[in-house]
Amino acid sequence: MQRLKALLPQTRASLRTIYSYHRAFSAQPNYAERDDDDSQEQILVEGRAKSRAAILNRPASLNSLNASMVGRLKRLYDSWEENSDIGFVLMKGSGRAFCSGADVLRLYHTLNEGNADEAEQFFKTLYSFVYLQGTYLKPHVAILDGITMGCGSGISLPGMFRVVTDKTFFSHPEAQIGFHPDAGASYILSRLPGYLGEYLALTGDKLNGVEMIACGLATHYSLNARLPLLEEQLGKLITDKPSVVEASLAQYGDIVYPDKGSVLHRIDTIDRCFSHDTVEEIIEALFALPFQNGMLFCQEKEAVESYDNWCSTTLRRIREASPLSLKVILRSIREGRFETLDKCLVREYRMSIRGISKNVSSDFFEGVRARMVDKDFAPKWDPPSLKEISEDVVEYYFSPLESELVLPTALREPYM
């Protein structure tokens, strides 16, 4: 706990610096293109005195993102950035989710119908929006109330302010459907304390709002019941200054610490296991833990049982995941530690296109089938085990494409 308390102020300050970005505003307006009816209903807009709010509005689908939604978000954000009458921007979700990630089922059916070009364009638009979010000129507030999964974090966490609540939970469960954490996840997760990012990416484990504050993923915490008051106060602001927006958010913030059952109290153990170079070595380290901790806590039965349960749950989650995804994910997070956001997005685009191509493996299709279509929860992964995956197969996911993702880095300089 002492290590965790010491980590809190340092992590929150450093992550706030990482995700903050300031430039002069342009006074030239650039109005959004006309949107289709579906996207207008699925992305609502609230106009306020000196701000705009984008509301993800597919509550029945937990606000999962489709191509028209992402396209509308990008057009709106481009327009708002150029509009000198708008000082800052807010994003939130309808219902019990902020955003559950991409609409994987629609992507699955689109690909099975042979529309690979449509799927590729979805990823290009999504990743371009993430880059826009990460280099946005104006203060941005994301209210992550409820489920925040997969690329739901990519469209929000690169922004300046991230508000979480007692209803928030965050996860990256892509390994369980034969995919990989994308939309900037290798940038975000690789910058968490120690090897927490590797742990979250390989296991799909969840963090709640308090834990997101503690590890630096979020900047402010507010009870769900107080959100209407917080939003009312934000709506009255006539400012484009980040310090004023932050002061307003801080009025409704709470100082919170993870409870004793939080995985963050196992950060030393996570570092010990997930710092290894290969998935096989990580699994081996997890197998060795119960004995090691049994010796260490031989007088504390509860501590031994707690570690045994955590180890077995962690190993089960890893065993349920696609072996190929595990290897690809570990390399992705490790490379993300040394790359700017744009480099991570370009690499993740390659990985995504390779992952949906079926040229090497159909694990994405099998994972979605098993968990979301037939719901038998018995995917037949190919290859079925870690030992059957060659380095050449993993390398294929990272190799350049004929048509690469191109981001406007000359106009929008990335940060480290």
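**Ground rules.** I number residues from 1 along each chain as its sequence is written, and I leave out hydrogens and water, so side-chain values use heavy atoms. Since the model is predicted, local features need pLDDT of at least 70 and side-chain atom pairs count only at pLDDT 80 or more, while totals for chains, interfaces and linings use all residues.

**Ring pairs.** I paired rings of Phe, Tyr and Trp (its six-membered ring) if their centres lie within 6.5 Å, calling planes under 30 degrees apart stacked, over 60 edge-to-face and the rest tilted. That rule gave me 13 aromatic pairs.

I looked up Y77 and F129: they sit edge-to-face, 5.0 Å centre to centre, with 85° between the planes. Y77 is in helix α3 (residues 67–82) and F129 in helix α5 (residues 116–134), 52 residues apart; helices here are DSSP runs (H or I, at least four residues), numbered from the N terminus. Y77 and F129 are both buried (under 20% relative accessible area, 1.4 Å probe, protein chains only).

Next I checked Y127 and Y349, which are edge-to-face at 6.3 Å centre to centre and 85° between the planes. Y127 lies in helix α5 and Y349 in helix α16 (residues 341–355), so this pair ties together parts 222 residues apart in sequence. I found Y127 and Y349 buried.

I then followed the ring pairs into a cluster: Y108, F122, F123, Y127, F179, Y349, F364 and F365.

**Charges over rings.** My test was NZ of Lys or CZ of Arg within 6 Å of the ring centre and within 35 degrees of the ring normal. R191 lies over the face of Y187, 3.7 Å from the ring centre. R331 sits over the face of F398, at 4.1 Å from the ring centre.

Methods: Helices (H or I, at least four residues) and strands (E, at least two) are DSSP runs, numbered from the N terminus. Buried means under 20% relative accessible area, exposed over 50%, partly exposed in between (1.4 Å probe, protein chains only).
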